Amino acid sequence: MRNIFLSGAANPVVGRAILPAAAFQAAHRVKAGGSILGLLLVAHAALAQQVVTPTPDQAGSPRGTNTGDYNVTDSFETGYRFAVVNGSVGTYRSDVNYGTGIRLLSGNLSVNSRDGHGRWFDQIVLTTIGLGNDPYQSVTLRVEKNKLYRYDMLWRLDDYFNPGLPVAGGQHLMDTTRHMQDHNLTLLPQSKIQFHLGYSRNTQDGPALSTVQLCFDGNIYCGTAGNEFPVFENVRREQNEFRLGADVDLAGFKLTLLHSWVFFKDDSGYQESGLESGDNPSTGVTLSQFQRAEPYHGASPYWLANLNKSGKSLAVNGRVTYVDGKGNFILDENAFGGTPLGAQNQQVQVGGDASRPSLTGDLSISVFPTARLTLVNNTSIDSTRIDGTSDYAQFNLATQTADFISFRYLGMRTIANATDLHYRLKDWLSFYGGYRYSERRIEDIEDYAIPSPLTGAMYEQENHLQAGLLGIRIKPLKAMTINLESEIGRANQPFTPVSDRNYIALGGRFEYRVKKLTLGALYKENYNNNSVTLSSYSSHARTYSANAAWTPRDWFTLDASYSKLHLDSLSGIVFFAGPEAASPLTSNQIYISNIHAANLVTRFVVAKRVDLYVGYTITDDTGDGRNTAAPAGATDPTTLIFAPVQTFPLSYQAPLARVSIRLREKLRWNAGWQYYNYHEQFGLESFYQGYHANTGYTSVTWAF
Amino acid sequence: MSRWLLLVCACVPLIAADDYVGSAACKTCHADVWFNFYKNPHYKSIASGDQPPDRTGCEGCHGPGKAHVEAHGGKTTIPRAFSLMQPKAVLDTCLTCHASNFSKSNIRRSQHSLADVVCTNCHSIHKSPAPQFLLARKQTELCYGCHADVRAQFSMPFKHRVNEGFMACTDCHNPHGTFAPTWGMADRPRLVDRAEGNEQACLKCHADKRGPFAYEHPPVRVEGCGVCHMPHGSTNAKLLVRPVVFTLCLRCHNGADSFGTRNNGIPALSNTHNMLDPRYQRCTLCHVRIHGSNSDGYFFR
């Protein structure tokens, strides 16, 4: 049978159609054009790249080289990176964080079986970014053998630095490293019964700075007698997840089952030694030694079951998920310090547990009565209950003791139904509409009043939200698409003053796409009005953007985009001004952000050997147009606090340039430069975080 | 060349229905497509050799090719020429095989499908430059192509590291549609994926915010992280929606109306909080465990 087939004569149509000479010529046309196509695709893919590395241009032939029964494509880039920073190094590390040193900037390897019958594998795809010492590193790997297995791995590293100026006046700082890895193995990936095994690990380690409030007066909460002290935190967090699942394809139904075991632990510790006077030295409270251990170990095992049936006129999907979240914790804190009354020590011990069972179900029914009409209805139910006990004990100088057990119960149950309709009236005109109804019930039992009568007061609230959607899609030309959409929603009891209550969302998109040119435009407007007695919250967000990509020649491409992101909001606020003020003040807090963001990139290829890439990115928040943080001549202390934070004008620019020269078929030399300039017009709380940085690299890209 | 011919012939289905001509016939004229097709995930259907003609090779997607061959080409003679097909027809064709994939459970109701953004808008079956998933372009560039406003957000000073290659859009989003979110209401936000089956995508990485905590900060669970953070990018540190933290907190903590868990307004600040004092403008200086605490209802430790 196979021999007949090999001859090609068994199929008369095939026999008649095969013209070896024509096929040979066609194949050679492909070879000639393949590289160009590859270059174009790579160039297009990399066009909007907004960081200078890695160099997108690959070494070697995009078609790869044949080795035995496999085809191999590879390209690796190694180089030296530098960064010179002036100004706020902390903000630079928070925004950019590229450093100096030798890196494996990128790596790409693909090995493909040419007949799909490799002995151990049919495909290996490996990609790397930033290995060595870059702040952002990743490795992806896929190894696959047809019919037998498929293995996917993702490993990532993120160096995180944040000085936390706006949240704690610079007293909170994080310099941590997060490692993440995911492994997924599918056995029998093309069969009707597939098995899935997975493992994920997520760790976060590193030093941090935090704060603690103390008063040594025997009260649980200090009030104005409190003083805040910096403490060192050693962050040690780890999560491990193990997954086991299966897909069963039977009688047209697809059943997916997954069980996962998730274990999390946080063993971060806090300590401080040395005399600290704190943020509120007028209290006379000092801290000389502090130590806190706070191990938290939790687990969130979950089950997932999904059943799917797809047919020509009907599709049904049902899913159930159950998560049984649990956490056990203990806290042991010792503080030594002083007050005007003399030396003090304080010990706090807390122990308890928390649980969060959560059940979610979905049923989605899709009906296709005609080729032009699609109707989908989805019902979902979610029930989550969070409960816990926390046994708190505070000892002060072994004479004053405060003890209580408190807890909080938070339960949420949401039932939502959504119906969507899509109808194609003409080939160039279609409509869609939808209706959503959601009902959410929240129950809360809380008890942490001071002193601590265990009243266990229970509260309930229900929110009903109805929303309607309407959209239209017009395609007047094959290359042109216009989308218009709108949504209007009404909620009767939103959870927070900033939640959706009476909202309208409008949107429009335009796209014109031909072979060498793409033009796009976008308009979005979201308006939410949540005004109630004593509080008038409204927000109005408008987004306009336009983009263009143009490739008039193989050697020249241009990509540009502009976005205007505008937000203005008004919040009713209540606050106290003055020590132990008798009555609160009410006011409106305005916030206006008016961001203009643009991106421009060009790429030239000179003599098919040299790639030049020039780009420019800018984010400019013009704020509300004012020239000074506070109104000129303002002396009212409240105005001086609130006015400067109504807007936050700044600019952030990042021009870049890169050259990549093909020295040989399998060797390229690259060099690039990127400049960062961050400037805050008014600063923030008297901090000015501006910086400018020159970063760059030189590298070689090679293929084996 | 002959080796290729032998290989191709070997892969043609053994039994072809009357109108099916087999992939080898297609290769004759479409050598450019065939040349690298062994790298294509769809090649598995050919390599397996056990698929019926309507589920393998070129005709598995494009339909039986006899008429096309007999007419010596022409797009209109291809039963399923994707560039001529309406979006729903494209979706139906791809879902013939891919419908039962769990990640596509909600594709019929996804915002993309409703807007007629279907498979071939993002996937290039024959000329994909991406190493995986047959994407028409590198993933971020693909998404930025339509979502220029999101691209602007990822170019802001504070952002998740998508442009840097550490993350991808699909770490948080499922472009094929998602189940209704368990936070927020009215199916919003859309196309945001789940962590652990039914939690916010943020918790996939930020596991320390997952809890459960004895004292949850309720809006984190009820409304989601987006109530305080802008997940793509922001001009404010920590991706906050406001440049300083006290303006963020005061938006909700005003005691007004029936908001909050107590049904009588979210508690306003006590009179010990003198906002003229910079200490009280830095709320998280004391309320350090603002996402949730196990030992303190006011998130002090």
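**Exercise 1.** How many of the residues of helix 13 (residues 245-252) of chain B are buried?

*Solution.* This is a predicted model, in which local features need pLDDT of at least 70, side-chain atom pairs count only at pLDDT 80 or more, and totals for chains, interfaces and linings use all residues. Residues are numbered from 1 along each chain as its sequence is written, and chains are lettered from A and ligands numbered from 1 in the order in which they are written.

Step 1: a residue is buried if 20 or more other C-beta atoms, placed from the backbone, lie within 10 Å of its own. Helices are DSSP runs of H or I with at least four residues, and strands are runs of E with at least two, numbered from the N terminus.
Step 2: in helix 13 of chain B, 8 of its 8 residues are buried. Among them are F246(B), L248(B) and R251(B).

**Exercise 2.** State what the buried residues of helix 13 of chain B pack against.

*Solution.* Step 1: within chain B, the partner is helix 14 (278-281).
Step 2: in chain A, the partners are helix 5 (165-168), strand 25 and strand 26.

**Exercise 3.** Describe the pairing of strand 25 (residues 556-575) of chain A.

*Solution.* Step 1: two strands pair if DSSP finds at least two bridges between them.
Step 2: strand 24 (residues 538-553) of chain A runs antiparallel to strand 25 of chain A, with 14 bridges; a hairpin of 2 residues joins these strands. Here Y544(A) has K564(A) as its bridge partner.
Step 3: strand 26 (residues 585-606) of chain A pairs with strand 25 of chain A in the antiparallel sense over 20 bridges, and L558(A) stands opposite T602(A).

Notes
Buried ≥ 20, exposed ≤ 12 C-beta atoms within 10 Å, placed from the backbone. Contact = placed C-beta atoms within 7 Å.
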